[in-house]
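Please open the structure in your viewer and keep the selection panel at hand. The stops below are meant to be followed in order.

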Amino acid sequence: MEIKFTEENLKKLEEAKSHYPTNDAALMSALWLAQYQFGWLSTDVMKYVGNLLNIPYEHVLGVAEFYTMYNKKPVGKHHLQVCTNVSCMLCGGYDVVDYISNKLDIGIGETTPDGKFTLIEAECLGSCGTAPMMQINDYYEENLTKDKIDAILDKLSKS
Amino acid sequence: MSDFQPIILKNITDLQNIEVYMKNGGYSSFKKALKLTPEAIIEEVKKSGLRGRGGACFPTGMKWSFMPQKTDKPKYLCANGDESEPASFKDREIFEKNPHQFIEGTLIACKAMGIKTAYVYIRGEYYPWIVMLQKAIDDAYAKGLIGKNILGSDFSTEIYIHRGAGAYICGEETALLNSIEGKRGMPRFKPPFPANFGLWGCPTTINNIETLANIPPIIENGGEWFSKIGEPKHAGSLLYGLSGHINKPGIYELPSGTLLTDLIYKYGGGVKDNKAIKMIIPGGSSMPPLTADEIEGLKMDNEHLKSVNSYIGTGGIVVMNEDTDVVKVIKRITKFYYHESCGQCTPCREGCGWMLRILDRIDKGMGRNEDIELLRDVANNIEGNTICAFGDAAAWPVKWAIKKFMPDFEKKVKESVELPIANKVHSLRLTVQE
């Protein structure tokens, strides 16, 4: 597969560049666009982004590695990120992890064989008042209960 | 329930809508500020006694006055919405319910300091809230409130959102600067301070989202009015966040100095299942925890919390009931700091992992007699020995939990020391994930 931004993404990148006095500063935006288009940041993707912005690959790699939300390996279609930090932990965050882990038969950091779900344990997602919660790709599911998790996973597995 | 009228999270439906906001007097403070001199705006903010809401409680007016008024370089404002401190979830409430008041505060700040570009740094996880704020910014652009020659004046400013990508440390102001510059979010040495050498080496001011949202009412009603709300030394309202074992968790905007017991029992509906309290974190996970004995009559503002050796931080309160395992909680908090340490300073990078390994073995019944002393020693050697305050944030919960909850630690160590060797073998291989 040829690695190339879509016209739309190239336009978005140009816009991001216009926000800053240097090209370097648009790197985080570029990596976000890349992750949305390609799913994860492979070496080739990072090299492509580096070339576009005239930044050495090593720097791109350093930035991509530093931030946890950039996926450095492929993830499932639905990235289940369950918060287990203090407020969620007190409200049963670990039970949520265990429940999903058993239900989907995958461990933390693993992806289901059909590539639909990846489960990870996340650090505080700023949703402490609605604990326990998880982030699925870009949105939050809060005040989780077993029934609610069942319904969510059921819906997602059909999509 | 309370006579207090919220200043930020006002009880008005659809306030996030620009029309509703303007109908309720929105952007009038900014129009007023456009006619004021920068000195007059800063003087008003100084008079208000407003302190930064990001945790350090630095007087905002003073911070603004550090910005050079005459300089050839461009100047920048960064609004800090990284909000990654566990137990803090207040800024998202502002993005969701009253984004325009924050935007208006940002515009006034730009006017006061002669700034032409403002970046709003928001944590990457807050994507839905980034969309909400972007919508509000777009609406304000459409009304000619942001951009070139705003409302026909000679004042121009742009506001951009910079999305983070998951790094707690980017809430530290100099790490945030590096992140906006497209680098790894590693804190910088201070001095030079950002007011002189910030983004791309230019004068920069960094303010918390909540701090900026407090600016419009100050300009509208005057600094003196604001200084009379709550405690004189920490004026204004605070967005207290209640979470943990509490019946009604959430964000409550109340005057500073509200009694902690009122927050828990009057507003928060009390502890779940009517249990007793074991431990309270008063302002986000890095603040020294409190015991149940300390909360009676305790006012929630920075000055009063100092009397129990803690701080207000971001106002994120975690309530833990009598059944809570203190060692487990502190271990979880330490795991967070171990995960989030940027790795720049040795005491923090190595120390957080070391503390985690010790806490892990105490928790798993493998503790040794000397472990508590060792833990305290490691924490003391991290505190104050790093570039940024992250080291202190990681050391404080451990250090103060040992001091205040010693029996809990001793009990676990004693149990594991007395555990027969045969029972220990199975857990000899310590596993610390990640």
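This is a predicted model: local features need pLDDT of at least 70, side-chain atom pairs count only at pLDDT 80 or more; totals for chains, interfaces and linings use all residues.

Residues are numbered from 1 along each chain as its sequence is written, and chains are lettered from A and ligands numbered from 1 in the order in which they are written.

**Chain B as a whole.** Select chain B, which has 19 helices and eleven strands; helices (H or I, at least four residues) and strands (E, at least two) are DSSP runs, numbered from the N terminus. Along the principal axes, the C-alpha atoms of chain B fill a box of roughly 80 × 50 × 35 Å. For 434 residues a compact globule would have a radius of gyration near 22 Å, and the 23 Å of chain B agrees with this; the radius is taken over C-alpha atoms, and the globule rule is 2.2 Å times the number of residues to the power 0.38.

**Domains of chain B.** Colour residues 18-227 as domain 1, 232-321 as domain 2 and 326-427 as domain 3 of chain B, bounds that come from an automatic or database domain assignment. The centres of domain 1 and domain 3 of chain B, taken over C-alpha atoms, are separated by 37 Å.

**A helix pair.** Next select helix 3 (residues 38-48) and helix 6 (residues 99-113) of chain B, which pack at an angle of about 125° with their axes 7 Å apart; the axes are lines fitted to C-alpha atoms over the stretch in contact, and angles run from 0 to 180 degrees between N-to-C directions. Helix 3 and helix 6 of chain B are therefore oblique to each other, since angles under 35 degrees count as roughly parallel, over 145 as roughly antiparallel, 65 to 115 as roughly perpendicular and the rest as oblique. Show the side chains of P38(B), I41(B) and I42(B) on helix 3 and of I108(B), K111(B), A112(B) and M113(B) on helix 6, the residues that make the contact.

**Chain A and the contact.** In chain A, select domain 1 (7-66) and domain 2 (78-158), whose centres are 29 Å apart over C-alpha atoms. Then turn to the contact between the chains, which takes 32 residues from chain A and 44 residues from chain B. Helix 5 of chain A gives the largest share of the chain A side, four residues.

**Backbone details.** Most residues other than glycine have a negative phi, and most peptide bonds are trans. Finish at the cis peptide bond from A131(A) to P132(A), with omega near -5°.

Terms used: Two residues are in contact if their C-beta atoms, placed from the backbone, lie within 7 Å.
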